[in-house]
Number of protein chains: 4
Amino acid sequence: MPIPAPNLYPPFNIVRLSHVELGVTDLAWSRGFYVDTLGLQVTHEDAGHIYLRAMEERGHHCMILKKADQPSVGVLGFKVWDEADLDRAEHWFRGRGLPTQWIERPFMGRVLRTCDPFGIPLEFYARMDRLPPIHQQYRLYRGVRPLRIDHFNMFSSNVDQSAQFYSDIGFRVTEYTEDAETGRSWAVWMHRKGGVHDVAFTNGTGPRLHHTAFWVPTPLNIIDLLDLMSTTGYLENIERGPGRHGISNAFFLYIRDRDGHRTEIYCSDYQTVDPDLEPIRWDLKDPQRQTLWGAPAPRSWFELGSVFDGVPLVESDLKAQPIIAP
Amino acid sequence: MPIPAPNLYPPFNIVRLSHVELGVTDLAWSRGFYVDTLGLQVTHEDAGHIYLRAMEERGHHCMILKKADQPSVGVLGFKVWDEADLDRAEHWFRGRGLPTQWIERPFMGRVLRTCDPFGIPLEFYARMDRLPPIHQQYRLYRGVRPLRIDHFNMFSSNVDQSAQFYSDIGFRVTEYTEDAETGRSWAVWMHRKGGVHDVAFTNGTGPRLHHTAFWVPTPLNIIDLLDLMSTTGYLENIERGPGRHGISNAFFLYIRDRDGHRTEIYCSDYQTVDPDLEPIRWDLKDPQRQTLWGAPAPRSWFELGSVFDGVPLVESDLKAQPIIAP
Amino acid sequence: MPIPAPNLYPPFNIVRLSHVELGVTDLAWSRGFYVDTLGLQVTHEDAGHIYLRAMEERGHHCMILKKADQPSVGVLGFKVWDEADLDRAEHWFRGRGLPTQWIERPFMGRVLRTCDPFGIPLEFYARMDRLPPIHQQYRLYRGVRPLRIDHFNMFSSNVDQSAQFYSDIGFRVTEYTEDAETGRSWAVWMHRKGGVHDVAFTNGTGPRLHHTAFWVPTPLNIIDLLDLMSTTGYLENIERGPGRHGISNAFFLYIRDRDGHRTEIYCSDYQTVDPDLEPIRWDLKDPQRQTLWGAPAPRSWFELGSVFDGVPLVESDLKAQPIIAP
Amino acid sequence: MPIPAPNLYPPFNIVRLSHVELGVTDLAWSRGFYVDTLGLQVTHEDAGHIYLRAMEERGHHCMILKKADQPSVGVLGFKVWDEADLDRAEHWFRGRGLPTQWIERPFMGRVLRTCDPFGIPLEFYARMDRLPPIHQQYRLYRGVRPLRIDHFNMFSSNVDQSAQFYSDIGFRVTEYTEDAETGRSWAVWMHRKGGVHDVAFTNGTGPRLHHTAFWVPTPLNIIDLLDLMSTTGYLENIERGPGRHGISNAFFLYIRDRDGHRTEIYCSDYQTVDPDLEPIRWDLKDPQRQTLWGAPAPRSWFELGSVFDGVPLVESDLKAQPIIAP
């Protein structure tokens, strides 16, 4: 199944990915990880929640840590252009037979809650509380110096179908991995905001969140984080990297918190605003697809992910396997 | 005069700045400068022209060096979303009483040639020849490792009017410098593609091109360029920097070729895709506006620029002065 | 007067520069500057003193901040190979008619206090309290991430004579600046520990301490410090840089505390252990000597320095002038 | 067996490691690898040899590639302080019953050829042809921008004995790995020139050369090399890294040429000139010893090395095993 052609005239205008809500079992531990170690800034905190933003963001939050009995992902949030786009989104999702609901969320205007056909909980909004810029308050920078949330990566039991659905709402494919034997997509990277991706889908039991990515200034910030984590009790939380992805050309590091939520630290992809940008195809068996420098990813990276709260899992019928580290 | 509010529903859809044509008096010298030293890639070359692209670009060219008797700038190019946008643009410019013309340009589809009210020659297109990606052909990287064209900065004899005009066609203000005494804008930064700017305007005799900027990976690439230029005969072509701008937060270097055309090498601004992004105001007398670290710019930086071919100059009536290095 | 030939068999074995004592008028302010902003680690603190070390040092201190009514420099400290070298040093200095004294210093073994012929107070020791390594305790890194003290730079009223004296005790010249008209040395860089310098002398009213330098990992740490200082109230303390010296090839930044004590932040010189290393000559009129990239140093950099406590000043009779920023 | 105490008064004065001669089976291939890819500079070339230096070196060569039928290592070279040290060295080696010989070598003064008790061929010299500095000829920098040869690492069948021998000639231990069960040294790092090592020994079938290391400016140069090698046909030559060693704190990459000769690219160790520098002990079972960030080294890294020309191999009787990647 070929990847979808760019959908240049989508039914409503999504600006970018915006925020994720993670259910975590120990808020204090998670604060130590995301705030003290990664360097995200707390914008609100109460008994059950910590709201965070990255250094160049002016929206109120890009991550909500929510006290939970079991680790899970609550929702993935996206910002749309204006209020009319919200209404158009509601209309469109209902037309697809997907559930929609207007809900109340702190620090946000109208919020449309819905889901994709695989059950991934999504929320759309046009307005979130705006905070003063802090990107030049350099005394606040810590850890890996996270600048902004960059993308979500999800396991899908049918990547071709996920790609078609997100194409229908305007995400455009920048790169993809094909299983040469079946011609099916094994993974796909799709964007709205002009980088390599706002969302990506990888073949596997789904839907699950593979990771949330943050953009940082340079590879040296990632090296700093590795040095910090490995000497402050977070050695076991380092999963993969540093390295350069063939796909996206990004310099990367993957870390996992104690609840299994994975974060990618990421820099140096490329600009993708041209509507006629040609997607780059990679073969599933090409080791440089994963890591340009050749090192395969560990098994955990291919198999582990975070479930979405209350969403049942489905195995993929595409059994093609990438190269996995022994 | 207040800066324009974001124009969220422009008459046609400009994707990004695209290319500049520079009239140069010695093609061989310019090749040494832009190709061998800066590291741009030649995509076409004939007796009178050199076409260049940066490392992550797939459009045929972002810069045309054209043999000329006198240095000047031929045109500034912009990419629009689709062919219908081109027609809408023609209609809009004609409605403003500005000249429009469909012209032939090598390596490009339909090209609409027009100008802004100050006479800056502009061209719009939807399709340019596409070239294979080279961003992972690391043997090709040289010099400062330029990744993409980033923005144009122009002298305007009336920045408020320039800002309004470009706002009318959809550019949104991200930062601006105000002369506190008169309340007038002294400089303004405006974008389409989601960074701090595609175009900027600075008070001064205009219209002239102040500089064309290229995006590079990290500050260390700029340091490499300084080391290279200062030991290969280009010491006199270094004008200002390295430093960090208060405005845009970019790490910068300014260099000038033998014809006086100025290039900014630039990294690390921030993402501006939110339609409700609040512009940041700077006071003309704030020295950190220019350089966050305090060093004022040299006089040449405020006074010298490239004329547009055949376009008469007008002095600004706003006589407010920034802080200039002695 | 030619620069001294390498003295390969000195009368006693100096290992390296070791520490400086700075008289400061406000210990709390200085703590904010050297500890919170630069990132030096406090190893001892009492009502009148703060002892500091850099991140890879295991000796107890490289800098002593001492409460004083007037800013001045108390002493420059050097480590010798063993106790016998201390005795040889005493013998040698007495033989030169210079005052010597065995003094008590906290955290140190035997200390020989003496001075050079211009009156610069010097102290030599073989043993200082050793502290556990902290260079892999990455949570402690702050500010510019200072790794080690690198060198002292001093104004001398007769650089040729200073060079000869320090050559007599084993310092070897790596680079020097000559006034072509008189053939006299205008500045000289001399080392013991295998880098470009442990000590340097610059023509001017002396003896005064021009600066103390710290070694940092990469130019990006210097950029981080500039960002931090310029947004936390230390903008006025930035004097010169960033830039690359022609001499030493180092990437540098100069800052001054409120008492006028100057610190150089420094990285990337080269290894000089070969006894037959040829000194590099620079002409006083060569602007790249100062800054490879061409920018001249400000007047303050050539004129201001810290006096040594109680040591009278003498003007230089060498009136040759370097290029100074207007 | 405890590691040797610092030998502060050795029988002759070794300044630093200097050069290695590698027997290679295809000079043209090796030129592509060491010159075009790594960026070493050719200083002499004839039908059977290529002489190389790194960017800040002024001695004629740090590496000799010699055409050979079988890959092997010809000799490890060291520079001594002066001619008298050469004579003292000859006397000392003869006193140990080791063979000595004065030989002719191009571009060098008197050369003493000898070997260590395990048979490693060594040569000592005081004078080698000196070349003009090129460290500020930035147009010459290529590849990983190698600044200087840094150290040799060798397999030894008895690391305790190797450590004692090299201590006898003045090398001082900076870090070491102990097998806790037997109390024996599993690996040891020893220096002369003031960094973490000039030579290191690792337990294994020996004597063999494990690797030769080059010092580069920053971790970003190592990332550049990985990008270059992985896109120019050298993907298979990348063996391990990038990462940070616990031991030495260095940021590293290991690559192997087609003859199996291994090169380490290396930056950011620390200064070790203090004679009372305390060695740092690591436990063989500590995974952070190898890589601070936790990733174990591949089996090849522990097992493969280059033989010395004509020198028989002996297995180690210390069978303790480090952690090896599966």
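Modeller: C:Asp283 is partly exposed, with a relative accessible area of 23%, where buried means under 20%, exposed over 50% and partly exposed in between (1.4 Å probe, protein chains only). This is a predicted model, in which local features need pLDDT of at least 70 and side-chain atom pairs count only at pLDDT 80 or more, while totals for chains, interfaces and linings use all residues. Residues are numbered from 1 along each chain as its sequence is written, chains are lettered from A and ligands numbered from 1 in the order in which they are written, and side-chain values use heavy atoms, with hydrogens and water left out.

Colleague: Which residue forms a salt bridge with C:Asp283?

Modeller: The general idea is that side chains of opposite charge can pair when their charged atoms come close. A salt bridge is a side-chain nitrogen of Lys or Arg within 4 Å of a carboxyl oxygen of Asp or Glu. Here the partner is C:Arg281, with the closest N and O atoms 3.6 Å apart. C:Arg281 is partly exposed too, at 38%.

Colleague: How many salt bridges are there over all chains?

Modeller: The count comes to 114. Among them is the pair B:Glu315 and B:Lys319, at 3.2 Å. B:Glu315 is exposed at 59%, and B:Lys319 is exposed at 53%. There is also a network of salt bridges that links A:Arg16, A:Arg58, A:Lys79, A:Arg127, A:Arg130, B:Asp274, B:Asp276 and B:Glu278.

Colleague: Is A:Glu123 buried or exposed?

Modeller: A:Glu123 is buried, at 0% relative accessibility. Its side chain makes a polar contact with the side chain of A:His19 at 2.6 Å. A polar contact is a pair of N or O atoms within 3.5 Å; within protein, one must be able to donate a hydrogen and the other to accept it, and residues adjacent in sequence count only if both atoms are side-chain atoms.

Colleague: What rotation superposes chain B on chain D?

Modeller: In general, two copies of a chain are related by a rotation about an axis and a shift along it. Here the rotation is 180 degrees with 0.0 Å of shift along the axis, and the RMSD is 0.0 Å, with copies superposed by least squares on the C-alpha atoms of residues with pLDDT of at least 70 in both. The two copies are therefore related as by a two-fold rotation axis. In chain B, the C-alpha nearest that axis belongs to B:Leu220, 4.3 Å from it.
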